[in-house]
Structures are given as structure tokens and as C-alpha cells.
Amino acid sequence: MTRFSIFSLARNALSGHRQWPRTWRDAAPREAYDVVIVGGGGHGLATAYYLAKVHGITNVAVIEKAWIGGGNAGRNTTIIRSNYGLDGNTPFYEWSMKLWEGLEQDLNYNAMISQRGVLNLYHSDGQRDAFARRGNAMRLHGVDADLLDQTDVRRLAPFLNFDHARFPIMGGLLQRRGGTARHDAVVWGYARGASDRGVDIIQNCELTGFIRDADGAIVGVETTRGTIRANKVGVAVAGNSSRVAALAGLRLPIESHVLQAFVSEALKPVIPGVITFGAGHFYISQSDKGGLVFGGDIDGYNSYASRGNLPTVEDVCEGGMALMPMIGRARLLRSWGGIVDMSMDGSPIIDRSPIDGLYLNAGWCYGGFKATPASGWAFAHLLATGQPHETAAAYRLDRFATGHLIDEKGQGAQPNLH
Amino acid sequence: MRISCPYCGDRDAHEFVHRGDAAPRRPTSDDGFYDYVYLRDNIAGPMREHWYHAQGCRNWIVVARDTRNHQMSGAVLAREASR
Ligand SMILES: Cc1cc2nc3c(=O)[nH]c(=O)nc-3n(C[C@H](O)[C@H](O)[C@H](O)COP(=O)(O)OP(=O)(O)OC[C@H]3O[C@@H](n4cnc5c(N)ncnc54)[C@H](O)[C@@H]3O)c2cc1C
Ligand SMILES: [Zn+2]
């Protein structure tokens with residue numbers, strides 16, 4: 001592979017940027033692989049990359065029904081953070097954060113990782129106490145967290161609506177190492193790293209069925225580009241997990257819902273990092289191009305439509321106006337929707353399924369982008385060794401039956417509340 | 001998206017609260033509870049689902065909607081649907 005460097009940049013600048021090599025090989029399916037990964041989003045590609053890099057398993061195919069990165073990997077609001085409070089979550093998301101911090105060097109790819117800080121605002125005494133508790137839990141796990149009071153927040157973001165009659169801003173919990181990453185570049189960087197190690201990335205190849213042996217174990221997949229055999233099939237199809245699992249006769253504790261995102265016209269730098277509204281569901285950051293990128297709640301009903309409805313647009317914009325009235329002057333440029341896998345406790349599943357040969361990476365709800373590196377790492381570990389990775393051991397499929405839910409938001413088993 | 005309430009007629013969706021798939025039935029023994037509470041068919045296509053007309057007549061209704069494009073093909077009062 002040609003490594004990117006200041007020299008390759010200079011060389012290609014001299015030839016008018018027309019000689020850059022392809023980023024990854026666009027492979028055609030072969031008859032059989034050791035592992036087939038279904039879904040060419042960030043999670044699927046990261047899994048393939050770590051299978052090759054960490055475990056030396058390179059006879060791997062990633063099959064993607066459309067083009068890689070066209071799903072949620074390319075639709076999210078790019079926020080990365082590890083400010084989780086529950087034991088099952090904190091080490092996993094922190095491991096992800098650590099991998100983000102070394103990702104560009106590891107992949108030799110600019111993913112524009114920007115640790116600008118993530119600030120969660122609080123608006124009541126009770127919420128402050130809850131954030132203090134979460135911050136303490138994070139620190140006990142070695143994760144950075146600072147509890148700010150109103151003066152600190154005023155210094156960081158003077159434009160916020162501090163004197164809102166119902167939701168005055170009293171302070172916030174700041175994770176300075178949180179921030180954003182360029183989502184498409186994450187996909188392309190993992191694709192390049194995996195492809196260079198021998199992984200076949202096969203686009204326009206939709207899984208349509210599974211091949212089973214006499215004992216019912218999965219030994220391959222049927223696709224729109226023919227049959228591919230493999231004794232291990234890992235499914236990472238965010239938003240479509242139930243549909244794919246149904247092809248294997250499996251029902252999951254998951255509902256598919258639409259989450260919308262919005263971007264404004266480009267402005268000069270105004271918002272320093274990521275800011276979230278603690279009284280409603282609204283979060284915002286500014287892209288490097290200057291657009292304000294923001295979002296809020298899911299639309300609240302099952303959907304596979306990849307587009308949302310106006311009441312949610314109104315609700316999100318109201319949240320934004322309540323928090324920072326100045327954004328009312330910015331023009332909204334675009335909005336779009338992505339289909340997210342809402343699990344029944346709001347946490348993901350990385351586990352073998354009850355069917356031999358079938359492994360699941362699902363239920364990422366609306367927060368799985370930040371998990372991309374650790375999810376790939378843990379899923380690769382599971383596929384290679386048959387054992388859960390230590391940071392992801394809690395993400396079991398049977399936790400709903402055994403009562404070991406991981407309900408970070410404490411809002412119960414209702415997908416529309418996560 | 002507009003929902004056609006059998007009692008009130010066509011109304012904006014934001015008057016309603018969604019409560020999901022109308023298919024699961026409360027089991028009579030403990031055995032079925034895991035399925036009932038957690039597992040979903042999560043249909044991509046026509047689905048019958050519960051909505052509550054919170055800012056209208058306050059009826060529970062069963063709406064038939066295609067989850068791939070939000071098209072509705074009918075709605076009945078939930079108490080009639082359960083008969
Ligand atoms: C609007 C929005 C905002 C978000 N904001 C954030 C955020 O700020 N921070 C954060 O951490 N998370 C965020 N998320 C969540 C995050 O994007 C997802 O949890 C995460 O990207 C999911 O993993 P993935 O990247 O592999 O999924 P995807 O990129 O969706 O990958 C799944 C792939 O599987 C393919 N596929 C599906 N079915 C088949 C089939 N039958 N055969 C072959 N291929 C198939 C799809 O085409 C798709 O490319 C957001 C999500 C949305 C929609
Ligand atoms: Zn009504």
C-alpha cells in the first residue's frame with residue numbers, strides 16, 4: 001500500500017492529484033472464506049480490519065448490499081465520547097476512546113479526530129447530583145470527567161440561554177477527551193486497512209439467506225451475487241438486524257426506528273465543542289466546514305423509511321432554540337434520517353447467537369458511532385476466539401431473559417425512550 | 001404524517017403516542033413473558049400497531065401502517081380490534 005505522508009502529498013500535488021491510488025480493492029466474491037461479515041458500515045469494516053491485524057485471519061469477506069458507509073456510518077452526527085456510567089459500559093466505551101486516539105496513526109489515514117470536548121448541561125439540583133455520580137463512576141474507571149458550575153460553562157459557551165425560566169443552565173459535566181470524527185473517513189480508513197491485509201470488500205452484494213448444514217449450523221450465505229460459504233458469519237447491519245436475523249429464523253429484542261439529523265448553512269466558528277441540552281433531547285456541534293450539526297429524539301415509531309416526519313423536526317428545533325436562541329438565525333440546509341436498531345434496554349449486543357456459526361453485532365441504538373473501533377475489536381475477538389472480549393462481556397443476547405439489563409438511561413424496556 | 005382516528009378523523013401524528021406492535025398478547029403463564037416483553041417481529045412492511053390519541057379523543061386505536069413508507073391503510077378503535 002502507498003502510505004500517506006507529506007512526500008506522497010507533495011508528489012501527488014505536482015501531478016495535479018490525478019495519480020492517487022484507489023483506497024481499497026473493489027473485490028468480487030469468491031466461493032468460500034473463513035469468515036463472512038455482513039454489513040459494510042464502520043462496525044463491519046473495523047471487525048474485518050482487527051480480524052486481519054490482531055488475529056491474523058485474512059481470508060475474510062465483508063459483503064455490503066449497497067456501497068460501504070452508505071448506512072448509519074455515513075448518516076450520524078459524528079460524536080465520540082466515553083462518558084458512560086454503568087459497569088458494563090464504561091470500560092468498553094473508554095477502550096473505544098483509546099482506539100480513536102491512536103486510530104489515525106494505526107490506519108495511516110486522516111479521520112479528522114477532534115477532541116474538542118463534550119459538555120452535558122444540567123438544569124436542576126437532582127440532575128447535577130446524577131452527573132456528579134456519573135463523573136465519579138467515570139473517574140473510578142480512569143476516564144476523564146469534570147463537573148462544571150455555571151461560571152465555568154459561561155466561560156466556555158457564553159451564548160447559551162442561562163436564564164431560561166424553566167430550564168436555567170446550572171452547569172455541566174465535561175469530558176474533554178470527547179469530540180467528533182469524520183465518519184466517512186473512518187469507513188474508508190478501515191476499508192483500506194482491511195483490504196490491504198487481504199480482506200475482500202464486496203459492494204452491491206445483499207445477503208438474502210443462510211445456508212445450513214444437517215445440524216442446522218450456518219455454513220454460508222446466499223447473496224445477490226451468488227453463494228458464499230463460510231463457517232462463521234458475523235452480522236453487523238445496524239437498523240436491519242431483525243430482517244437479517246429473521247432469515248435465520250431468529251427474533252431479536254430490537255425495534256427499528258428512524259433518527260433524524262440536521263445541518264445548517266456554514267458559519268464562522270461559534271460552538272467550541274459538542275454541547276447537549278439536559279432538559280430536552282438536543283445535541284449540537286459544528287463541523288470543520290462550519291455547518292451546525294444537530295439532532296434530538298427518534299421519531300418514536302417503527303420505521304424502515306430512512307426519512308422522518310415534521311413533528312420531530314419541530315421538536316428538535318424547539319430544543320435548539322431553548323438552549324441557544326441564536327441558532328434561530330441560521331438557515332437549515334439539510335436533514336436526513338437513518339434507521340437505528342433500538343434494543344430493549346438501550347445497549348448493544350455483541351454475542352454468538354443460538355445458531356452455530358452465526359454471530360451478532362446489533363442493537364446500537366442511536367449511539368454506536370463512538371463504539372466503532374471497540375465494537376470491531378470485540379467482535380473480531382469473539383469471531384476469532386469464540387470468547388467475548390473482556391470489555392464487551394456484558395453485551396449478551398440472553399441478558400433480557402436473565403434480567404441483566406444494561407439500562408444506562410434508567411428509562412425501562414421501551415425502545416422509544418432510548 | 002397524518003393518522004386517521006376512527007373517532008376524530010384525520011389528525012396530525014404529533015397528537016398521538018405510539019405504543020408499538022399490536023400483535024403481542026399477554027401470556028397466561030410466566031413462560032411467555034420474555035417473548036412478550038422483549039422480542040419483536042420488527043416487521044418491514046404492513047404492521048398493525050397501537051397508537052393513543054393523547055391530544056384528542058384519548059382512544060387507543062389500532063393503525064395499519066407500512067413501516068417502509070409510512071402509508072396507512074386503516075385504523076379501528078382498539079377495543080373493537082380486540083373483539
Ligand atoms: C441521524 C443519526 C445520528 C447519529 N449520531 C450518532 C453520534 O453522534 N454518535 C454516535 O456514537 N452514534 C450516532 N449514531 C448511531 C451510529 O451511526 C450507529 O449506531 C452506527 O453507525 C452503526 O454501526 P455501523 O456503522 O456498522 O452501521 P451502518 O453503517 O448502518 O452499517 C450497516 C450496513 O449493513 C448493510 N446491510 C443491511 N442489510 C444488509 C444485507 N441484507 N446484506 C448486506 N448488507 C446489508 C447496510 O447497507 C449498511 O451499510 C447516529 C445515527 C443516526 C441515524
Ligand atoms: Zn381521536
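This is a predicted model: local features need pLDDT of at least 70, side-chain atom pairs count only at pLDDT 80 or more; totals for chains, interfaces and linings use all residues.
Biologist: Let's begin with the metal. Which protein atoms are the donors of the zinc ion (ligand 2)?

Modeller: Chain B provides them: SG of B:Cys5, SG of B:Cys8, ND1 of B:His53 and SG of B:Cys57. Their distances from the zinc ion run from 2.0 to 2.3 Å.

Biologist: And how are those donor residues spaced in sequence?

Modeller: The spacing for the zinc ion (ligand 2) reads C-x2-C-x44-H-x3-C.

Biologist: What is the geometry of the site of the zinc ion (ligand 2)?

Modeller: The general idea comes first. For four tetrahedral donors, the ideal angle at a metal is 109.5 degrees. Now the case here: the angles among the four donor atoms of the zinc ion (ligand 2) are 102 to 118°, and the site is tetrahedral. The label applies because four donors count as tetrahedral when all angles lie between 85 and 135 degrees.

Biologist: Is B:Cys5 buried or exposed?

Modeller: B:Cys5 has a relative accessibility of 2%, so this residue counts as buried. B:Cys8, in contrast, is partly exposed, because its relative accessible area is 24%. The cut-off for buried is under 20%.

Biologist: What does the rest of chain B look like?

Modeller: Chain B has two helices and six strands, and their order along the sequence is β-β-β-α-β-β-β-α. The C-alpha trace of chain B spans about 40 × 25 × 20 Å along its principal axes. Of the 83 residues in chain B, 36% are buried.

Biologist: Now for aromatic rings. How should I read a ring pair?

Modeller: Two values describe a pair of aromatic rings: the distance of the centres and the angle of the planes. Over all chains, the count comes to 22 aromatic pairs. One of them is formed by A:Phe400 and B:Tyr38, with 5.4 Å from centre to centre and 55° between the planes, which makes the pair tilted.

Biologist: Where do A:Phe400 and B:Tyr38 sit?

Modeller: The pair crosses between chains: A:Phe400 is in helix 10 (residues 399–402) of chain A, and B:Tyr38 is in helix 1 (residues 33–38) of chain B. A:Phe400 is buried, at 3% relative accessibility, and B:Tyr38 is buried too, with a relative accessible area of 13%.

Biologist: Which residues do ring pairs link into a cluster?

Modeller: The cluster consists of A:Tyr49, A:Tyr50, A:Trp95, A:Tyr190 and A:Trp377.

Biologist: What about charges and rings?

Modeller: Here you look for a charged end placed over a ring face. A:Arg154 lies over the face of A:Phe162, 4.4 Å from the ring centre. Likewise, the charged end of A:Arg243 sits over the ring of A:Tyr304, at 4.7 Å from its centre.

Biologist: How many residues surround ligand 1?

Modeller: There are 37, and the closest are A:Glu64, A:Asn72, A:Ala73, A:Thr77 and A:Lys370. Look at the backbone as well. A polar backbone atom of A:Ala73 is 2.7 Å from an oxygen atom of ligand 1. For A:Gly368, a polar backbone atom is 2.9 Å from an oxygen atom of the ligand. A:His43 has a backbone N or O atom lying 3.1 Å from an oxygen atom of ligand 1.

Biologist: Backbone angles next. What is the phi of A:Asn108?

Modeller: Phi is about 50°, a positive value, although A:Asn108 is not a glycine. This residue is in the loop between helix 3 (90–107) and strand 4 (118–122) of chain A, and A:Asn108 is buried, with 12% relative accessible area. In chain B, B:Arg58 has a positive phi near 60° and is also a residue other than glycine. B:Arg58 lies in the loop between strand 4 (46–52) and strand 5 (60–66) of chain B. B:Arg58 is exposed, because its relative accessible area is 59%.

Technical notes. Residues are numbered from 1 along each chain as its sequence is written. Chains are lettered from A and ligands numbered from 1 in the order in which they are written. Side-chain values use heavy atoms; hydrogens and water are left out. Donors are N, O and S atoms within 2.8 Å of the metal (3.2 Å for Na, K and Ca); water is not among the atoms, so sites may look incomplete. Four donors count as tetrahedral if all angles lie between 85 and 135 degrees; four count as square planar and six as octahedral if opposite donors are over 155 degrees apart and all others between 65 and 115; anything else is irregular. Buried means under 20% relative accessible area, exposed over 50%, partly exposed in between (1.4 Å probe, protein chains only). Rings of Phe, Tyr and Trp (its six-membered ring) pair if their centres lie within 6.5 Å; planes under 30 degrees apart count as stacked, over 60 as edge-to-face and the rest as tilted. Helices (H or I, at least four residues) and strands (E, at least two) are DSSP runs, numbered from the N terminus. A charge sits over a ring if NZ of Lys or CZ of Arg is within 6 Å of the ring centre and within 35 degrees of the ring normal. A residue is near a molecule or strand if one of its heavy atoms lies within 4 Å of it. A polar contact is a pair of N or O atoms within 3.5 Å; within protein, one must be able to donate a hydrogen and the other to accept it, and residues adjacent in sequence count only if both atoms are side-chain atoms.
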